[in-house]
Amino acid sequence: MIALGCDHGGYNLICAIKKYLDEKGLEYKEYGTFSEESVDYPVYAYKVATAITSGECSTGILCCGTGIGISIAANKVKGIRAAVVSNEFCAEMTRRHNNANILCMGGRVTSEEDAVKFANIFLNTPYEGGRHENRVSMITDIENGTFKA
């Protein structure tokens, strides 16, 4: 199950992504917002992030005006690795090397067409593990306050 969330600045991207997910028959759960009326992005970042950490959803997609604010908010939830992407390579590598569990994009800087491409790549790229596992574990250690540099 994919968790979807956005603020008013990312509403257009989420609508395009929902259409793509519907066409592919992929299950998702929407956490809002549901219009272009101004709202506070941390609310939706938190809802999507906790849906993932609770196990209700496996991955998420969040959109705001730039993708930056909503990613910062989501990354405050323990266990979340949210990444803002702006091209296909980053969409692939954030999954392949970083095991990101939330894709973030900006409605004011990313076209709907590109957002769908990035979502497709993110959702279909596996985590490689291997040499990257140590680095992802270090991120977890930082998050837990147990990292030793």
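Is Thr 33 buried or exposed? At 9% relative accessibility, Thr 33 is buried. The views below come from a predicted model.

View 1. Thr 33 lies in the loop that runs between strand S2 (28–30) and helix H2 (41–53). Leaving aside residues up to four places away in sequence, Thr 33 touches Cys 6, Asp 7, His 8, Tyr 11, Val 39 and Tyr 44. Since buried means under 20% relative accessible area, the 9% of Thr 33 places this residue in the buried class.

**View 2. Asp 7 in the loop between strand S1 (2–6) and helix H1 (11–24).** Asp 7 has a relative accessible area of 4% and is therefore buried. Not counting residues up to four places away in sequence, Asp 7 is in contact with Thr 33, Val 39, Tyr 41, Cys 63, Cys 64, Gly 65 and Ile 70. Asp 7 and Asp 40 are 33 residues apart along the chain, and their C-alpha atoms are separated by 6.6 Å. Thr 33, shown in View 1, has Asp 7 among its own contacts.

**View 3. Helix H1, its buried residues and what covers them.** H1 has 14 residues and reaches 20 Å from its first C-alpha to its last, which is close to the 20 Å expected at 1.5 Å a residue. Its buried residues are Leu 13, Ile 14, Ala 16, Ile 17, Lys 18, Tyr 20 and Leu 21. An α-helix has 3.6 residues a turn, so residues three or four places apart point the same way. The cover over the buried residues of H1 includes S1, S2, strand S3 (59–64), strand S5 (102–106) and helix H5 (112–124). H1 is followed by Gly 25, which has a positive phi, near 70 degrees.

**View 4. The contact of H1 with H5.** Two packed helices are described by the angle between their axes and the distance between the axes. For H1 and H5, the axes come within 9 Å and cross at roughly 55 degrees. The two helices are therefore oblique to each other, and their crossing is right-handed. From H1, the contact involves Asn 12, Leu 13, Ala 16, Ile 17, Tyr 20 and Leu 21. These meet Glu 112, Ala 115, Val 116, Ala 119, Asn 120, Leu 123 and Asn 124 in H5. By class, the residues of this contact are 9 nonpolar, 3 polar and 1 charged.

**View 5. The contact of helix H4 (residues 88–96) with H5.** The axes of H4 and H5 come within 8 Å and cross at roughly 25 degrees. H4 and H5 are therefore roughly parallel to each other, and H4 passes H5 in a right-handed crossing. H4 contributes Glu 88, Ala 91, Glu 92, Thr 94 and Arg 95 to the contact, and H5 contributes Lys 117, Phe 118, Ile 121 and Phe 122. The residues of this contact divide into 4 nonpolar, 1 polar and 4 charged.

**View 6. Asn 99 in the loop between H4 and S5.** Asn 99 is not a glycine, yet its phi is positive, at about 50 degrees.

Key
Residues are numbered from 1 along each chain as its sequence is written. This is a predicted model: local features need pLDDT of at least 70, side-chain atom pairs count only at pLDDT 80 or more; totals for chains, interfaces and linings use all residues. Side-chain values use heavy atoms; hydrogens and water are left out. Helices (H or I, at least four residues) and strands (E, at least two) are DSSP runs, numbered from the N terminus. Buried means under 20% relative accessible area, exposed over 50%, partly exposed in between (1.4 Å probe, protein chains only). Contact means heavy atoms within 4.5 Å. The expected span of a helix is 1.5 Å times one less than its number of residues. Axes are lines fitted to C-alpha atoms, for helices over the stretch in contact, and angles run from 0 to 180 degrees between N-to-C directions. Angles under 35 degrees count as roughly parallel, over 145 as roughly antiparallel, 65 to 115 as roughly perpendicular and the rest as oblique. A crossing is left-handed if the near helix is turned anticlockwise from the far one by less than a right angle, and right-handed if clockwise. Ala, Val, Leu, Ile, Met, Phe, Trp, Tyr, Cys and Pro count as nonpolar, Asp, Glu, Lys and Arg as charged, and the others, Gly among them, as polar.
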